[in-house]
Amino acid sequence: IIPKENIVEGQSQKLLDEINILRKLEHPNIMKIYEYFDDNEYIYIVSELCDQGDLLGKMQKLGSRSELVVKFLMEQILNALSYLHDNRVFHGDIKLENVMLYKTSKKKGRRLTKIINDSFKVEKDIENLKYNGSSFLEDMMDYELKLIDFGCSKFLQRIKHNKLSGIV
């Protein structure tokens with residue numbers, strides 16, 4: 001719920017553009033907006049609930065990462081970016097704070113288990129990923145990443161030599 005009094009003059013169209021972009025996108029690693037509506041005082045946005053914090057906070061909390069962890073995380077981020085680019089959408093603000101954690105069912109963690117099994121054939125390698133008695137990978141098995149904050153996003157036109165310019 002966004003109070004209209006908090007929206008800076010001239011920014012309401014930018015917010016509506018962001019909402020319209022997100023409503024048109026359908027990808028497991030991009031936050032989904034289902035609907036929005038407004039009244040005289042507020043704009044209401046109905047979206048997926050990503051209440052597990054952002055990726056930066058999670059990584060700072062859990063400490064060191066291995067190549068396997070980075071592979072798991074980057075696969076999701078790059079899949080989202082590939083989808084955006086295939087749909088001619090420029091995000092414009094990719095950073096760890098704009099990647100949220102979404103709690104999933106245990107069933108989704110099976111993909112991560114396969115990555116672990118494919119990457120590590122030796123139990124000792126898995127032990128090297130441990131921190132304080134548990135693994136970052138094990139902790140991440142219940143999460144999926146969701147790209148958010150499309151405030152700088154643009155739909156790109158199919159024009160020859162179409163270039164973006166400006167400061168973001």
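These legends go with close-up views of a predicted model.

**View 1. Helix α3, end to end.** Here we're looking at helix α3, which takes in residues 67-86. Count 1.5 Å a residue and its 20 residues should span 28 Å; the end C-alpha atoms sit 27 Å apart, so the two figures agree.

**View 2. The buried side chains of α3.** Quite a list of α3 residues is tucked away: L68, V69, F72, L73, Q76, I77, A80, L81, Y83 and L84 are buried. Among them are a glutamine, Q76, and a tyrosine, Y83.

View 3. Follow the chain on from α3 and you come to R88, which has a positive phi. That phi is near 60°, and R88 isn't a glycine. R88 belongs to the loop that runs between α3 and β4 (89-90).

**View 4. R88 and R158 together.** These two arginines are 70 residues apart along the chain, yet 8.4 Å separates their C-alpha atoms. R158 lies in the segment after β9 (154-155).

View 5. Look for D149 between β8 (143-147) and β9, in the loop that links them. D149 is another residue other than glycine with a positive phi, near 60°. It counts as partly exposed because its relative accessibility is 30%.

Terms used: Residues are numbered from 1 along each chain as its sequence is written. This is a predicted model: local features need pLDDT of at least 70, side-chain atom pairs count only at pLDDT 80 or more; totals for chains, interfaces and linings use all residues. Side-chain values use heavy atoms; hydrogens and water are left out. Helices (H or I, at least four residues) and strands (E, at least two) are DSSP runs, numbered from the N terminus. The expected span of a helix is 1.5 Å times one less than its number of residues. Buried means under 20% relative accessible area, exposed over 50%, partly exposed in between (1.4 Å probe, protein chains only).
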